[in-house]
Amino acid sequence: MSLVKAFLKAGILTELGGHEDTLAGTPQGGILSPLIANIALSALDEHFARAWQTKMATRPARENIRRRGGATYRLIRYADDFVVCVAGREEHAMALRSEVEQVLAPLGLRLSLEKTRVVSIDDGFDFLGFAIKRVRGRHGQMVIHTYPSKRALASVKAKVRVMR
C-alpha cells in the first residue's frame with residue numbers, strides 16, 4: 001500500500017520536462033489508474049466468482065435456475081470497465097445493478113450514471129472499442145457478432161487522415 005501512496009504523490013512530468021504535484025487522483029491514461037482499479041475492483045471480481053461457484057458452476061445448475069424463472073450472469077472486466085452479462089429478464093439485470101452498487105459502496109466507489117446502462121444483447125452495446133450484438137446467422141440461429149464500434153472506427157479514420 002505504501003508503494004501505491006508513493007505513486008499517488010509522485011506528481012507528473014510536464015511536456016517541457018518540468019514537474020507538477022498531483023492534487024487529486026491519478027492522471028488520465030497513467031499507469032497507476034488501471035492498477036488502482038484492479039485492486040479496488042477485485043472485491044467485485046470475488047463477489048461474482050463466489051456467486052458463480054456456489055450457484056452456477058455447472059450447466060445443470062444454470063438450467064435449473066433458468067427453469068425456475070431465475071437468471072444466470074457473468075462479470076467481464078478490464079481495469080475499470082466492466083459488463084455484467086445476464087441470461088434473464090430486465091428486472092434481473094436491474095437487481096444485479098443494485099447488487100453491484102452495494103458491493104462498490106463500501107469501497108467508496110459508485111457507478112457512473114452516464115456510462116451505466118441496462119440493454120438487451122439484441123440492441124447491442126459498445127465495450128472496449130467493440131460493438132457487441134446478437135443477430136440471426138446465415139442458418140437462422142442466433143449468434144453474437146463482435147466488430148469495431150463506430151466510435152473506434154472514426155478514431156482510426158481520423159488518425160489515418162492526419163497521417164496522409
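Contact here means heavy atoms within 4.5 Å. This is a predicted model, in which local features need pLDDT of at least 70 and side-chain atom pairs count only at pLDDT 80 or more, while totals for chains, interfaces and linings use all residues. Residues are numbered from 1 along each chain as its sequence is written, and side-chain values use heavy atoms, with hydrogens and water left out.

**The whole chain**

Color by secondary structure. The protein has five helices and seven strands. Helices (H or I, at least four residues) and strands (E, at least two) are DSSP runs, numbered from the N terminus. Along the sequence the pattern reads α-β-β-α-α-β-β-α-β-β-β-α. Of the 164 residues, 20% are buried. Buried means under 20% relative accessible area, with exposed over 50% and partly exposed in between (1.4 Å probe, protein chains only).

**Stop 1: the largest nonpolar core**

Select Leu44, Phe48, Met56, Tyr73, Val100 and Leu104. Among the 14 residues of the largest nonpolar core, these touch the most other members. Such a core is a set of buried Ala, Val, Leu, Ile, Met, Phe, Trp, Tyr and Cys residues joined through side-chain atoms within 4.5 Å. Now show α2 (32-56), β3 (72-78) and α4 (90-104), the elements that give two or more residues to this core. α2 gives the most, with six residues. In soluble globular proteins, nonpolar side chains tend to be buried together.

Stay on Met56. Leaving aside residues up to four places away in sequence, Met56 touches Ala51, Ala61, Arg62, Ile65, Ala71, Thr72 and Tyr73.

**Stop 2: α2 against α3**

The axes of α2 and α3 come within 8 Å and cross at roughly 90°. That makes α2 roughly perpendicular to α3. Axes are lines fitted to C-alpha atoms, for helices over the stretch in contact, and angles run from 0 to 180 degrees between N-to-C directions. Under 35 degrees counts as roughly parallel, over 145 as roughly antiparallel, 65 to 115 as roughly perpendicular and the rest as oblique.

Show side chains. Trp52, Lys55 and Met56 in α2 meet Ala61, Arg62 and Ile65 in α3. By class, this contact has four nonpolar, no polar and two charged residues.

**Stop 3**

Move to β3 and strand β4 (residues 81-87). They pair in the antiparallel sense over seven bridges. Two strands pair if DSSP finds at least two bridges between them. Pick Tyr78: it stands opposite Asp81 in β4. The hairpin has two residues between its strands, and Ala79 in the turn has a positive phi of about 55°.

**Stop 4: the three-stranded sheet**

Select β5, β6 and β7. They form an open sheet in the order β5-β6-β7, with antiparallel pairing. β5 and β7 are the edge strands, each pairing on one side only. The twist averages 30° from one strand to the next.

Take β5 (residues 125-127) and β6 (residues 130-136). Three bridges join them. Asp126 stands opposite Ala131 in β6. In their hairpin, Leu128 in the turn has a positive phi of about 55°.

Finish with β7 (residues 142-148), which pairs with β6 over seven bridges. Phe130 has Pro148 as its bridge partner in β7, and Lys133 stands opposite His145. Five residues lie between these strands in the hairpin, where Gly140 takes a positive phi near 90°.

Technical notes: Ala, Val, Leu, Ile, Met, Phe, Trp, Tyr, Cys and Pro count as nonpolar, Asp, Glu, Lys and Arg as charged, and the others, Gly among them, as polar.
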